[in-house]
Amino acid sequence: MSAFAFPASRVPDPAEAPSLRWGIAGPGWIAERFVESLARHGSQRVTAVGSRAADRAAAFAAPRGLRAHGSYEALAADPEVDVVYVATPHTAHLEVALAAIAAGKHVLVEKPIGISAAEAGKIAEAARSAGVLAAEALWTAFLPSYDIARQLIRGGHLGGLTAVVGDYGEYLPPSHRAHDPELAGGPLLDLGIYLLALATDILGEPDRILGLGTALANGVNGQLSALLGFPGGAQATLTTTMQGFTPAQLTAVGTEASLTFDGPFNSPGGLTVRTSDGEVHRWDGMPGDHVAGLHFQAAAVARALEAGRTEVAERPLEASIRALRVADELRRQAGIVFPGE
Ligand SMILES: NC(=O)c1ccc[n+]([C@@H]2O[C@H](COP(=O)([O-])OP(=O)(O)OC[C@H]3O[C@@H](n4cnc5c(N)ncnc54)[C@H](OP(=O)(O)O)[C@@H]3O)[C@@H](O)[C@H]2O)c1
């Protein structure tokens, strides 16, 4: 019998975080879930929404009792907003985040924080110059289950790390914006970015990158696989597709144990550890949807600001930029070109 035991999560109670006033940029799919998550959990308060069109802002604002703005600039200028949650398609993250930062607002930007490492670097630089907080809303990094995984991995409880194995496929129908080349379509930025974020969080910066992509009939990438090599010999094997569902699991392999996140690995859920003596250990975290999980990142922003920090420890900007550096190289090899490049 091995001495393995799961540690407790160190994530503080989100209800005890100081309350910030949130403005929502982009009243779409994820924005609806973020607002509902904040309404149901924790101590954060959504006060306003911004859209490119006044009627769409009003339609989102009215049932929720929010202030409505017909442009992202007007949202950024709202004195009743402390922090802007950027929930537009990937290609608009940079412009909307820079406008908010220029107006002196803190920003929490949906994943990926930009479509390239260069865009992410611009947001980081602008936030640093303005003295405001910027963070990537990679919600997985803020979940209690991920904090348990982090303790196991960084505390050496899996032994020496040798591999990360992960897949993330969903069927995204042709009507989804991921099929639009003008919105940086393909599975990489909607789904694959989670694989890259976690693989590089666990194993660091790869020194070898191999990418293989397959395009759909309209030229947008449909699936993409990556082999990453890390100093010291660890490897990551990762695959993402928007042409069908896969188990969406991720496993970190160590010399003494391996750790598997229940699929979908980016959501709240359980963990399985298999130790090298063949024992299986379970941590039965409740599976949860976006509403159950999105509020943790908002509380983390509030705690960071209370502590006088302009980044969140759970997802430092350098980690966001590192994952996008890998994405950039994979795209170069797979011939995936985004708007403006
Ligand atoms: N954390 C997660 O689990 C998760 C899940 C899904 C998506 N996301 C991320 O959240 C972001 C938004 O995704 P979504 O699925 O919510 O997007 P969406 O519903 O397609 O669009 C969000 C909103 O962005 C606004 N927008 C601004 N510029 C636009 C443009 N050029 N074209 C179209 N719409 C534009 C639109 O509002 P107006 O036209 O009214 O301005 C739209 O309602 C993405 O970066 C994605 O990666 C995260």
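These legends describe close-up views of a predicted model. Local features need pLDDT of at least 70, side-chain atom pairs count only at pLDDT 80 or more, and totals for chains, interfaces and linings use all residues. Residues are numbered from 1 along each chain as its sequence is written, and side-chain values use heavy atoms, with hydrogens and water left out.

**View 1. The shell around the ligand.** The shell holds 22 residues, each with a heavy atom within 4 Å of the ligand. Ser 51, Arg 56, Tyr 72, Lys 111 and His 290 come nearest. Domain 1 (14-140) and domain 2 (143-289 + 314-334) each give at least three shell residues; the bounds come from an automatic or database domain assignment. Helix 1 (29-40) and helix 7 (187-203) each supply at least two. Helices (H or I, at least four residues) and strands (E, at least two) are DSSP runs, numbered from the N terminus.

View 2. A polar contact is a pair of N or O atoms within 3.5 Å. Polar backbone atoms of Trp 29 and Lys 111 each face a ligand oxygen, at 3.0 Å for Trp 29 and 2.7 Å for Lys 111. Arg 52 uses a polar side-chain atom, 2.8 Å from a ligand oxygen.

**View 3. Two cis peptide bonds.** The bond from Lys 111 to Pro 112 is cis, with omega near -15°. Pro 112 sits in the loop between strand 5 (106-110) and helix 5 (117-130). The bond from Gly 263 to Pro 264 is also cis, with omega near -5°. Pro 264 belongs to the loop between strand 12 (257-261) and strand 13 (271-275).

**View 4. Ala 184.** This non-glycine residue has a positive phi of about 55°. Ala 184 lies in the loop between strand 7 (161-169) and helix 7.

Conventions: Polar contact = N/O pair within 3.5 Å; in protein donor to acceptor, adjacent residues only side chain to side chain.
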